[in-house]
Amino acid sequence: MVKIQKFIDTPSQTAGPFLHIGCTPRITGINIFKSELGLTPFQDISDNEAINIKGKIYDGNKEPIIDAMIETWQCDANGNYSSNQGFARIVTDFKTGEYQLKTIRPGNEINTDGYLSPSYITFWIVARGMNRPLITRMYFLENDLKNDLMFQRLNIEDRLKTLIPYTEDEKNFVFDIHLQGKKETIFFEF
Amino acid sequence: MIKKHQPLRKFPDYKSSISRSPNKEPLWINSSSSEMSGPLFNEKIINKNDNNLTLNFSKTGEKPLGQEIFVHGFVKDENGNNLKNVLIEIWQANAGGKYRHQNDPSNIKLDENFGGCGRFITSSDGYYIFKTIEPGAYPYPNRGIEWRPRHIHFSLFGSMFLQRLITQMYFEGDPLIKSCPMVNSIPDINARKLLVGKLDLSKTDEERILGYRFDIILRGRQQTYFENKIEGS
């Protein structure tokens, strides 16, 4: 039976170029709240477990987007999601468009089909010009995706590499996001 | 599959959406633990005056310029259940249409008594309230110079990351709404009305504060778009 909902959800609207006032106010010189949200996804990340992810979001003109906010959401090293950790809020640099995230490598969650999913971090992106958020995921190894049932069913093998960062070393990753063009990143809808 | 009540990502009338939206269709996948969980925030992160924008930035207690307003309402899910513990963040321009932001090019004056942001966590019955001032309309470059209707930005965290929402509230009767390409990027004309805060004379008071009512619906785990009906339509 199809469940009929009483209401439709409120439409999204762009966060605009001044989202920092409400979401990361300290960047705009407003220091009135107790704390900024999502400054770090986990408390006390040790050097041992820390990984660094950086990158840029490129628009259709191949220009980096300098006014985007990214929220990342991930499980802990054991594959568990918890409402009090795993969330980070980062913005792209006003000049270079680069974002940086220090976090830990997520574990493998059990997905809806009941098997272990390759580990990933969710990227939720808003900016001026985006009427709705764009949602993508950064996985770590392309081979993991090729062997993953969900991705096999989707039949998009030639695009899977857009979900994989450039690995500088085991602790440093570069994950660029391309909104258009040959390297257009895969975005998800649920 | 298109959600007609949600805006199109690429809507050429809103010029910057052309290069800032993907050309390929998104991939529809089942939500998993990552979409069904999400960060939760509690009262500990909130100061008493965080939801009072007429006071939360002013150093002297002097009020910002502009018509004082209450913006209030309920946050609900698609079945009409009130949602508690939803963190709401808002931001807006001052009464002259100027944002306290280094990238706002306008030469309108900042208001030293107005920061332009606030926070609130919905109570056990899903209720929220902000006290602020009416933001000014302002021009921006689009197809030539166009005017944004007066608006307040809203950001909401439900209990699942899937419910994460950023939107804008417009003001009932604002003649600029009709021509706004950001509003018009929503294909369903009735859904556009959901973004309009309604004048609420029951919420005015003798201190000359005008009331606006703005209810917000967060999506659920699954959606059956074709059966959706808007209340009153």
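This is a predicted model: local features need pLDDT of at least 70, side-chain atom pairs count only at pLDDT 80 or more; totals for chains, interfaces and linings use all residues.
**Interface**

Chain B contributes 75 residues to the contact and chain A contributes 63 residues. On the side of chain B that touches chain A, the elements giving two or more residues include helix 1 (16–19), helix 2 (33–36), strand 1 (27–28) and strand 12 (216–218) of chain B. Sorted by class, that side of chain B has 30 nonpolar, 30 polar and 15 charged residues.

Strand pairing also links the chains. Strand 10 (residues 188–189) of chain A and strand 1 of chain B run parallel and are joined by two bridges. A:E189 has B:W28 as its bridge partner in strand 1 of chain B.

**Single residues**

A:G55 is part of strand 1 (residues 50–58) of chain A. Leaving out residues up to four places away in sequence, A:G55 touches A:Y99, A:V174, A:F175, A:D176 and A:I177. A:N78 is 23 residues from A:G55 in sequence, and their C-alpha atoms are 26 Å apart in space.

A:K62 is in the loop between strand 1 and strand 2 (69–73) of chain A. B:N85 is in the loop between strand 2 (68–77) and strand 3 of chain B. Phi is positive in A:K62, at about 65 degrees, although A:K62 is not a glycine. B:N85, also a residue other than glycine, has a positive phi near 60 degrees.

| Residue | C-beta neighbours within 10 Å | Class |
|---|---|---|
| A:G55 | 22 C-beta neighbours | buried |
| B:N85 | 18 C-beta neighbours | partly exposed |

A:G55 counts as buried because its 22 neighbours meet the cut-off of 20 or more.

Notes:
Residues are numbered from 1 along each chain as its sequence is written. Chains are lettered from A and ligands numbered from 1 in the order in which they are written. Two residues are in contact if their C-beta atoms, placed from the backbone, lie within 7 Å. Helices (H or I, at least four residues) and strands (E, at least two) are DSSP runs, numbered from the N terminus. Ala, Val, Leu, Ile, Met, Phe, Trp, Tyr, Cys and Pro count as nonpolar, Asp, Glu, Lys and Arg as charged, and the others, Gly among them, as polar. Two strands pair if DSSP finds at least two bridges between them. A residue is buried if 20 or more other C-beta atoms lie within 10 Å of its own, exposed if 12 or fewer, and partly exposed in between; C-beta atoms are placed from the backbone.
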